[in-house]
Amino acid sequence: MLQKKIGFIGGGNMGSAMIGGIISSGLVPPENLIVSARTQETLDRLSARYGIRTTLDNNQAAAESDILFLAVKPNLYESVIKSIRDTVSEQQIIVSIAAGQTLSRIESLFNKQAKLVRTMPNTPAMVLEAMSAVTPNEQMTEEDTQLILSIFRCFGRAEIVPESLMDAVVGVSGSSPAYVYMFIEAMADAAVQDGMPRAQAYTFAAQSVLGAAKMVLETGRHPGELKDAVCSPGGTTIAAVAKLEEQGLRNTVIAAQNTCSEKSRQMSKSSD
């Protein structure tokens, strides 16, 4: 169990998912975690669900944390950081999870040296299956970085990436659960059209996506090779694959993901 106090400023979807993952993993006891938010309603929900400490005061969350997560929307970073920068010490680790907020931008807002980590997790943290990218700044030691990786790995996978790849990360993992949910919903719709009850259709579609993803991760085989193994000559699967190719599945996914990454790049440029 980690003997550190962890704080969150912000308890929205992503912050809540990470809090849930940390608590579920048993990494720290609930009393070692504090979260601040703008509304008492949000705090009451988090307190009831996770048994953690809560406050309406961002400075209290900052003062009582060894590791502080900034889990607010990108447009709130400037006001939040300026309100807490006199409270934060050089010994604390500050973790950003916002798209488009570069390390240089965050450093300038704190207006002093600080241990900063830019990250991009995703909401499957709630079920301990997140994919997270981690980029430490120069003030972070190797021990500090490994500590942050241990937190992110308690609710999924995490890898260090250079900051230059963070926009690509936003497209491939940060936002991609939404694409997958759409794919699952479409698969289920087709099964319903074929007569399957909707609840059962969601189970079949979601479990198939989960199993296919695990095959890629656990076998180490190329996705194309795994796809070929399912496609019998003249069979049902190759007929479906041919229709997906005809309708431009690959190009659509690539174009959508590139659009997502480009939006992240635009946000990064506007923040610097």
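## Second largest pocket

Helices here are DSSP runs of H or I with at least four residues, numbered from the N terminus. In this predicted model, six such elements, α1 (13-25), α2 (40-50), α4 (77-84), α7 (166-174), α8 (176-193) and α12 (249-271), each contribute at least two residues to the lining of the second largest pocket. The largest share of that lining, four residues, is supplied by α12.

The volume of the second largest pocket is about 890 Å³. Its lining comprises 39 residues, and those closest to the pocket centre are Met 14, Ala 71, Val 72, Lys 73 and Pro 74. By residue class, the lining of the second largest pocket is made up of 20 nonpolar, 15 polar and four charged residues.

## Largest nonpolar core

The largest nonpolar core holds 37 residues, of which Phe 8, Phe 69, Ile 148 and Ile 151 touch the most other members. At least two residues of this core come from each of β1 (6-9), α1, β2 (33-36), α2, β4 (67-70), β5 (93-96), β7 (130-136) and α6 (142-153), and α1 gives the most, with six residues.

## Surroundings of Phe 8

When neighbours within four places in sequence are left aside, Phe 8 is in contact with Gly 15, Met 18, Ile 19 and Ile 22, with Leu 33, Ile 34, Val 35 and Ser 36, and also with Ala 61, Leu 68, Phe 69 and Ala 71.

Conventions: Residues are numbered from 1 along each chain as its sequence is written. This is a predicted model: local features need pLDDT of at least 70, side-chain atom pairs count only at pLDDT 80 or more; totals for chains, interfaces and linings use all residues. Side-chain values use heavy atoms; hydrogens and water are left out. On a 1 Å grid over the protein atoms alone, a cavity is a set of points where a 1.4 Å probe fits but cannot get out, and a pocket is an open set with protein on both sides within 12 Å along at least five of seven lines; lining residues have an atom within 4 Å of a point. Grid points are joined across faces, edges and corners, and a volume is the space filled by probe spheres set on the points. Ala, Val, Leu, Ile, Met, Phe, Trp, Tyr, Cys and Pro count as nonpolar, Asp, Glu, Lys and Arg as charged, and the others, Gly among them, as polar. A nonpolar core is a set of buried Ala, Val, Leu, Ile, Met, Phe, Trp, Tyr and Cys residues joined through side-chain atoms within 4.5 Å. Buried means under 20% relative accessible area, exposed over 50%, partly exposed in between (1.4 Å probe, protein chains only). Contact means heavy atoms within 4.5 Å.
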